[in-house]
Amino acid sequence: MKKILIIFAHPARTRSKINSALRAAVEGLENVTINDLYANYPDFLIDIKREQSLCEEHDVIIFQHPFYWYSPPSIVKEWLDLVLEHGWAYGSKGKALEGKLFLQAISAGGDDSTYQKDGCNIFTIRELTSPYCAMANLCNMNWLPPFTVLGIHQGLSEEEVEFHAKEYRRMVTALRDDRLDIEKAKQGQYLNSDLDSIIRGT
Ligand SMILES: Cc1cc2nc3c(=O)[nH]c(=O)nc-3n(C[C@H](O)[C@H](O)[C@H](O)COP(=O)(O)O)c2cc1C
């Protein structure tokens, strides 16, 4: 079984619908740790050693967050700037993250049609998240496409929220149990474009 670390970043959790639902769907799963950055560091004083130890203890690292101005909420940037130290995360002696799987789980107000060259956001989610792909590459991590829930501004029904929460749980469980076809998953636009085609034994 792989150990999964979900680095959860939502600055207003009580007002969150989708991220709260996704989180609730995986909370308490065996070998899944949720590390809530805003709850742990309301003053942004990130405990670097604690965060590095958590990363070292897990095989899969997931950044779960809403899209705020085409990025994760600001505490994630602070986390990256502080935790991913030279000689630990990257550089000739920085091997702490080597071989770990990395992905983002993103919710966004705009739907898929807005995240196109000719849409109002003019770039795709994959293009906008490319710094995270570059980060994973520099740290010798194994990058996967993002799990996405898009089109929140159109209003998701309770059934849709439940569907995405179940899909998130399926994806996290498959990663944990080594049932996700990593190479095939890398070819998709989003990790959850077609989970049936990348999860074995479902
Ligand atoms: C400050 C702020 C910035 C946002 N920026 C974006 C954005 O760049 N693109 C987008 O599609 N949605 C954007 N949104 C919408 C959020 O992504 C959306 O409300 C969130 O994913 C819903 O998740 P939740 O129910 O967990 O809060 C923004 C919302 C806020 C509050």
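**Entry 1. The model**

I noted at the outset that the model is predicted.

**Entry 2. The ligand**

I looked up which residues come nearest to the ligand. There are 17 residues around the ligand, and H10, S16, K17, S107 and Y115 are the nearest of them.

I then turned to contacts made by the protein backbone. A polar backbone atom of I18 is 3.0 Å from an oxygen atom of the ligand. For F67, a backbone N or O atom lies 2.8 Å from a ligand oxygen atom. In the case of W69, a polar backbone atom is 2.8 Å from a nitrogen atom of the ligand. I also recorded the cover: on its own the ligand has 640 Å² of accessible area, and the protein covers 75% of this.

**Entry 3. The pockets**

I searched for the largest pocket and found its volume to be about 430 Å³. Its lining consists of 20 residues, with F67, Y68, A108, G109 and H153 lying nearest its centre. By class, I recorded 10 nonpolar, 8 polar and 2 charged residues in the lining of the largest pocket. I noted that F67 is among the residues nearest the centre of this pocket and that its backbone has an N or O atom 2.8 Å from a ligand oxygen.

The second largest pocket has a volume of about 170 Å³. I listed its lining as K77, L80, D81, L84, Y90, P131, Y132, M135, L138 and C139.

**Entry 4. The cavity**

How many cavities of 30 Å³ or more does a search of the whole structure find? I recorded 1 such cavity. The largest cavity holds about 40 Å³ of space. Its lining is formed by C55, I61, F63, W79, L84, L97, F102, M135 and M141. I classed this lining as 9 nonpolar residues, with no polar and no charged ones.

**Entry 5. The cysteines**

I counted 0 disulfides and asked why C55 and C133 form none. A disulfide requires two cysteine sulfur atoms within 2.5 Å. The closest cysteine sulfur to that of C55 belongs to C139 and is 9.6 Å away, so it is too far for a bond. For C133 the closest cysteine sulfur is also in C139, at 12 Å, and therefore too far for a bond.

C55 is buried, at a relative accessible area of 1%, whereas C133 is partly exposed, at 28%.

Technical notes
Residues numbered from 1 in each chain as written. Predicted model: local features only at pLDDT ≥ 70, side-chain atom pairs only at ≥ 80, totals over all residues. Heavy atoms only, no water. Buried < 20%, exposed > 50% of the residue type's maximum accessible area, 1.4 Å probe, protein only. 1 Å grid on protein atoms, 1.4 Å probe; cavity = no way out; pocket = protein on both sides within 12 Å on 5 of 7 lines; lining within 4 Å. Points joined across faces, edges and corners; volume = space filled by probe spheres on them. Nonpolar A, V, L, I, M, F, W, Y, C, P; charged D, E, K, R; others polar. Near = heavy atom within 4 Å. Polar contact = N/O pair within 3.5 Å; in protein donor to acceptor, adjacent residues only side chain to side chain. Areas by Shrake-Rupley, 256 points an atom, 1.4 Å probe, with all protein chains shown as cover.
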